[in-house]
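Here is a short briefing to read alongside your model. Have the sequence and the 3D view open as you go.

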Amino acid sequence: MKYRSVYDIIGPIMVGPSSSHTAGAASIGRLARSIFGRQPSHVELALYGSFAETYKGHATDVALIAGLLGFDTDDPRLPESDRYAEEAGVEVVITTMEAVPDHPNTARLRMKDGQEEMEVVGISIGGGKVEIIELNGFELQLSGHHPAILVVNHDRHGVVGSVTSILSKEQVNIANMKVSRREKGELALMVIEIDERLDDRIIEEIRALSGVNRVLSMED
């Protein structure tokens with residue numbers, strides 16, 4: 001196996017003790033917050049597999065909370081993030097699950113703020129690297145290495161083409177794109193990873209398209 005840098009082996013600069021269970025958990029929290037678009041006021045954290053078994057010793061719980069507060073992996077406030085969440089009025093409920101996940105380091109985050117609610121599933125794959133694998137029941141594969149937009153749309157002819165036409169017109173380079181749907185003719189999801197953060201003006205233009213239900217952005 002080839003490594004691109006020493007950080008592929010030892011993990012990121014972080015508050016320990018574990019690159020997968022601490023730094024990875026913080027990154028999952030940060031990406032979930034980024035997709036949600038703001039700090040949630042209520043969070044339900046469901047931990048699976050190794051996360052559920054060892055979260056106290058590896059600070060997985062406070063690392064997830066730290067990420068949801070916007071703290072990075074090396075933020076010295078991470079060990080006390082539960083206190084900072086309480087001070088910020090963020091209610092956190094943690095549950096350990098007995099179900100066996102596809103990946104041993106899995107967390108399901110249900111975030112709420114007012115009428116807004118979103119559920120994200122993330123996995124920590126080692127060395128501080130993570131993937132977001134589910135959003136409100138849609139399967140994804142987002143690493144956070146690139147900025148991304150997530151377009152919830154009606155599954156009908158022309159919507160995908162309209163979105164990509166705007167990106168082409170604005171000379172936005174697509175690094176990766178995946179389209180998925182639950183049922184034909186119902187809601188679908190476009191996940192588009194791009195080389196650089198989109199200007200808000202472009203996001204608003206996509207939001208205004210016929211057939212587009214919601215546009216979310218993700219940046220780490």
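This is a predicted model: local features need pLDDT of at least 70, side-chain atom pairs count only at pLDDT 80 or more; totals for chains, interfaces and linings use all residues.

- Strands β8 (residues 174-181) and β9 (residues 187-194) pair in the antiparallel sense over seven bridges; strands pair if DSSP finds at least two bridges between them.
- Strands here are DSSP runs of E with at least two residues, helices are runs of H or I with at least four, and both are numbered from the N terminus.
- Five residues lie between β8 and β9 in this hairpin, and Gly185 in the turn has a positive phi of about 85 degrees.

- Domain 1 covers 6-136 and domain 2 covers 148-218, with bounds that come from an automatic or database domain assignment.
- The domain centres, taken over C-alpha atoms, are 27 Å apart.
- Seven residues from domain 1 and six residues from domain 2 take part in the contact, where contact means heavy atoms within 4.5 Å.
- About 650 Å² is buried between domain 1 and domain 2, and carbon and sulfur atoms give 57% of that area; buried area is the accessible area (1.4 Å probe) that two parts lose on being put together, summed over both.
- On the domain 1 side, Ile35, Leu135 and Asn136 supply 54% of the area buried against domain 2, more than any other three residues.

**Salt bridges**
- Side chains of opposite charge can pair when their charged atoms come close.
- The whole structure holds 17 salt bridges, each a side-chain nitrogen of Lys or Arg within 4 Å of a carboxyl oxygen of Asp or Glu.
- Between domain 1 and domain 2 the count is one salt bridge.
- Glu116 and Arg214 form a salt bridge, with their closest N and O atoms 2.8 Å apart.
- Arg38 forms another with Asp113, where the closest N and O atoms are 2.7 Å apart.
- That pair links distant parts of the chain, 75 residues apart: Arg38 sits in the loop between α2 and β1 (42-48), and Asp113 in strand β3 (residues 105-113).

Key: Residues are numbered from 1 along each chain as its sequence is written. Side-chain values use heavy atoms; hydrogens and water are left out.
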